[in-house]
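Let's take a walk through this one together, starting inside one chain and ending where two chains meet. Have the viewer open and follow along.

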Amino acid sequence: MSPSDAWSRALSRREMLAVLAAGGVTLFSARGRAQTGASSLTRRIPSTGEELPVIGLGSWITFNVGRDPRGRARCTDVVRAFFEAGGRVIDSSPMYGSSQEVIGHAMAQLPAAMPSLFSADKVWTGRAGAAQIEESRRRWGVRRFDLLQVHNLVNWEDHLPLLLSMKAAQRVRYVGITTSEGRRHGDIERLLRTQPLDFVQITYNIVDREVEERILPIAADRGIGVIVNRPFRGGPLVDRLARHPLPAWAADIACANWPQFLLKFIVSHPAVTCAIPATSRVEHLRENMGALRGPLPDDAMRRRMIQYVERL
Amino acid sequence: MDEWWTYRPSDLLLFSRETYYGLFELYHASVWPAHLALVLASAAPLVLLRGDARWRVRLAAATLALQWLWVAVAFHLAHFATINPFATYFGWAFLAQAALLLLMGMPPGVMSVPRAWGFRERGAAALVLFALLAVPLLGLLAGRSWRQIEIPGMTPDPTAMATLGIVILTATRARIFWLALPIAWCLVGGVMLWTLGSVEAVAPLGAAALAAVLLLIGNRSHRRHGPDHG
């Protein structure tokens with residue numbers, strides 16, 4: 001049984017309708033200047049109903065440019081284009097080198113975008129989580145984070161109570177946990193079932209679909225939002241597919257390139273809240289943000305997308 | 001780190017090749033004109049070790065130590081650490097190697113000029129010349145601009161490679177003790193370049209492999225120390 005089939009069976013029709021009602025895709029007018037008259041695909045955060053655009057921005061590797069002024073200017077251009085295209089969610093971590101500082105530098109150049117920002121960061125340390133979070137907040141230049149996540153479940157036993165207490169004190173709005181590339185899925189499942197989480201961040205893409213079997217159904221069942229990292233496997237997936245033609249039927253879901261094809265596959269899963277592709281190039285950012293427009297594939301189209309990619 | 005065996009080098013690499021190369025450009029611009037002194041320092045052991053006088057041996061070891069000290073502080077701690085949290089550990093390791101090299105030149109008989117030029121001596125000399133001359137050119141071939149090239153005495157890879165050659169050429173005992181960190185760095189630097197997709201990876205990885213082979217070759221004879229002129 002393929003993971004896709006398992007997903008279809010794992011979510012009954014009734015459950016699917018519940019997911020769509022609670023966090024289903026909606027269209028709304030974009031905030032960005034470039035999007036006047038256009039509409040963006042959004043999903044509701046299950047725990048509050050707050051809407052988020054389904055495409056966010058990751059910062060792993062791409063924003064770690066240190067003190068390089070040209071690199072920082074390039075990243076600022078990417079962030080500017082991201083907000084202009086209607087984006088909101090930016091994700092980082094203290095583990096990503098200088099990425100937090102570079103995001104903070106970009107946001108300082110774009111004060112008008114600050115109200116739109118949905119800041120997602122992580123705690124990643126063996127101890128002293130509160131001090132690390134405060135240092136991260138200072139680097140971003142935000143009053144408080146919207147979402148704080150326990151990075152790769154590192155020391156979650158200490159950090160999760162801290163984050164939940166911060167949420168209770170309104171020092172962060174949402175709490176989550178993360179993993180990547182299929183690590184510790186057993187622990188992730190257990191925490192999704194037992195902890196009052198708002199978000200889980202996992203790796204999911206058209207070739208890595210293990211999470212369809214258990215994690216996505218549990219998140220949907222428990223009303224937990226899902227952020228998807230490594231939608232392009234860090235880049236090589238797009239590079240591999242770029243050697244092949246995009247199928248003509250991709251136009252039916254308004255996909256003009258492979259990144260949009262891959263992103264629409266991800267965000268069409270009803271349990272997914274948003275995907276966070278990372279890039280340091282404005283032209284790639286614009287390609288990615290194109291996935292915010294047009295129809296999403298239905299279940300039959302999703303199976304066709306998988307079959308097409310598997311044949312390549 | 002949980003499930004550490006599932007992590008690949010690419011999972012631990014936090015920066016792109018473009019950013020890594022750009023770091024060298026920033027570094028070179030910020031420390032100029034230190035290049036003039038450090039390139040001279042990188043070539044100095046070759047000149048100094050043409051004679052056996054104790055002052056020559058000590059000065060050769062001191063210039064090697066100076067290069068490791070410089071790379072530790074100016075490159076790893078002041079620059080590389082801005083994009084790589086692990087660079088702080090690299091900096092401390094390079095400082096430790098600087099101290100070791102300084103110690104190496106102090107006791108009599110630890111370093112000496114080779115009496116005969118066999119395979120090992122020629123291989124070690126080739127390592128030094130490769131580090132001094134070929135590594136900067138290899139960087140250009142790999143796509144770096146001349147502002148971004150690695151320079152012996154200033155950047156870690158050619159410094160470690162040249163050190164391998166000089167120590168194999170001159171150390172009379174406990175060679176692995178002096179060479180452990182340079183070999184380790186060549187492996188780290190090589191894997192890093194390999195993960196970044198740079199053909200330059202062959203240089204440090206090849207240097208580490210050659211050094212291992214040269215270390216395994218049997219003992220060589222050294223010219224005995226002359227009188228201590230130092």
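Helices (H or I, at least four residues) and strands (E, at least two) are DSSP runs here, numbered from the N terminus. Keep in mind that this is a predicted model, where local features need pLDDT of at least 70 and side-chain atom pairs count only at pLDDT 80 or more, while totals for chains, interfaces and linings use all residues. Residues are numbered from 1 along each chain as its sequence is written, chains are lettered from A and ligands numbered from 1 in the order in which they are written, and side-chain values use heavy atoms, with hydrogens and water left out.

Start with chain A and its open sheet of seven strands, which runs in the order β4-β5-β6-β7-β8-β9-β10 with parallel pairing. Two strands count as paired if DSSP finds at least two bridges between them. At the edges sit β4 (89–91) and β10 (274–275) of chain A, each pairing on one side only. For a look at one pair, take β8 (residues 199–203) and β9 (residues 225–229) of chain A, which are joined in the parallel sense by five bridges. In that pair, Val200(A) stands opposite Val226(A) of β9(A).

In the loop between α6 and β7 of chain A you'll find Gln170(A), which has a positive phi of about 60° although it is not a glycine. Most residues other than glycine have a negative phi, and most peptide bonds are trans. Over in chain B, the bond from Trp32(B) to Pro33(B) is cis, with omega near 10°.

Finally, the interface. The contact takes 18 residues from chain A and 19 residues from chain B. Together the chains bury about 1600 Å², 45% of it on carbon and sulfur atoms; buried area is the accessible area (1.4 Å probe) that two parts lose on being put together, summed over both. Two salt bridges (a side-chain nitrogen of Lys or Arg within 4 Å of a carboxyl oxygen of Asp or Glu) cross between chain B and chain A. Glu18(B) forms a salt bridge with Arg74(A), with the closest N and O atoms 3.7 Å apart.

Key: Contact = heavy atoms within 4.5 Å.
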